[in-house]
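Welcome! Take a moment to look it over before reading on.

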Amino acid sequence: MLDYANTKNFGAYLDQTYKIIKQQYQRAFRHAGIDITPEQWIVLSNLYEKDGPTQKDLAGHSFKHAATLSRIVDLLGRRGLLERRPDDADKRSYRIYLTDAGRVLVEQAFPVVLELRRVGWKGNSDADYEQLVRILNTVCDNFMSET
């Protein structure tokens, strides 16, 4: 018989937490009449913070695989929320920019996101957040070093 007592099944906890957070974002965006997904929010908010990254840099900052990010960028581009422009320094790559409509959408969604973060982080401190990020980064680094 296997001894599961010492396996620290943190993956299940992460999965459950991610699913609940994603559902709450979807519900809150829908209730507020904001037509984006949580994954699209991550991309749009990253662009709002730092407009004009290469698609590769945006994928890294958004924690998205290149193919996934490309689909998100294509969809948001068709909706007029962002645009790809050729990179002046490297003609093979593109930089991604928010459009005015994308900027307005981020500004509409931001109060909803702040409220979600307030609810989700209730009872925890800034130090707790820093510790959580440190632990998650360590877990990621541990798995990345094994591949």
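Helices (H or I, at least four residues) and strands (E, at least two) are DSSP runs, numbered from the N terminus. Counted that way, the protein chain has 6 helices and 2 strands. Please keep in mind that this is a predicted model.

**The whole chain**

- Starting at the N terminus, the elements follow the order α-α-α-α-β-β-α-α.
- Along the principal axes, the C-alpha atoms fill a box of roughly 55 × 40 × 30 Å.
- The protein chain has 147 residues, and 27% of them count as buried.
- If you take the contacts between residues at least 6 apart in sequence, 52% of them join residues at least 24 apart.

- Helix α2 covers residues 38–49, and its 12 residues should span 16 Å at 1.5 Å a residue.
- How many of the 12 residues of α2 are buried? The count is 9, so α2 is largely enclosed by the rest of the structure.
- Among the buried residues of α2 are Pro-38, Trp-41, Val-43, Leu-44 and Leu-47; Glu-39, Gln-40, Ser-45 and Asn-46 are buried too.
- The cover over these buried residues includes the helices α1 (10–31), α3, α4 and α5, together with the strands β1 (82–86) and β2.

- Val-106 lies in helix α5, and its relative accessibility is 3%, so Val-106 counts as buried.
- Along the sequence, Val-106 and Leu-47 are 59 residues apart, yet their C-alpha atoms are 9.5 Å apart in space.
- Which residues does Val-106 contact, leaving aside its neighbours within four places in sequence? They are Trp-41, Leu-44, Ser-45, Tyr-48 and Leu-98.

**Gln-23, a residue in α1**

- Gln-23 has its place in helix α1, where its relative accessibility of 44% makes it partly exposed.
- Gln-23 and Tyr-48 are 25 residues apart along the chain, and 23 Å separates their C-alpha atoms.

**Helices α3 and α4**

- Two packed helices are described by the angle between their axes and the distance between the axes.
- The axes of α3 (residues 55–62) and α4 (residues 66–78) come within 10 Å of each other and cross at roughly 105°.
- Angles of 65 to 115 degrees count as roughly perpendicular, and α3 and α4 are therefore roughly perpendicular to each other.
- On the α3 side, the contact is made by Gln-55, Leu-58 and Ala-59, while α4 brings Leu-69, Ser-70 and Val-73.
- Sorted by class, this contact has 4 nonpolar residues, 2 polar ones and no charged ones.

**Two loop residues**

- Phe-63 is found in the loop between α3 and α4.
- Is Phe-63 buried or exposed? Phe-63 is exposed, with a relative accessible area of 75%.
- The phi angle of Phe-63 is near 60°, a positive value in a residue other than glycine.
- Thr-99 sits in the loop between β2 (94–98) and α5 (100–121).
- With 16% relative accessibility, Thr-99 counts as buried, as the cut-off is under 20%.
- Beyond its neighbours within four places in sequence, Thr-99 is in contact with Gly-80, Leu-81, Leu-82 and Glu-83.

Definitions and conventions: Residues numbered from 1 in each chain as written. Predicted model: local features only at pLDDT ≥ 70, side-chain atom pairs only at ≥ 80, totals over all residues. Heavy atoms only, no water. Axes fitted to C-alpha atoms, helices over the stretch in contact; angles between N-to-C directions. Parallel < 35°, antiparallel > 145°, perpendicular 65-115°, else oblique. Contact = heavy atoms within 4.5 Å. Nonpolar A, V, L, I, M, F, W, Y, C, P; charged D, E, K, R; others polar. Buried < 20%, exposed > 50% of the residue type's maximum accessible area, 1.4 Å probe, protein only. Expected span 1.5 Å × (residues − 1).
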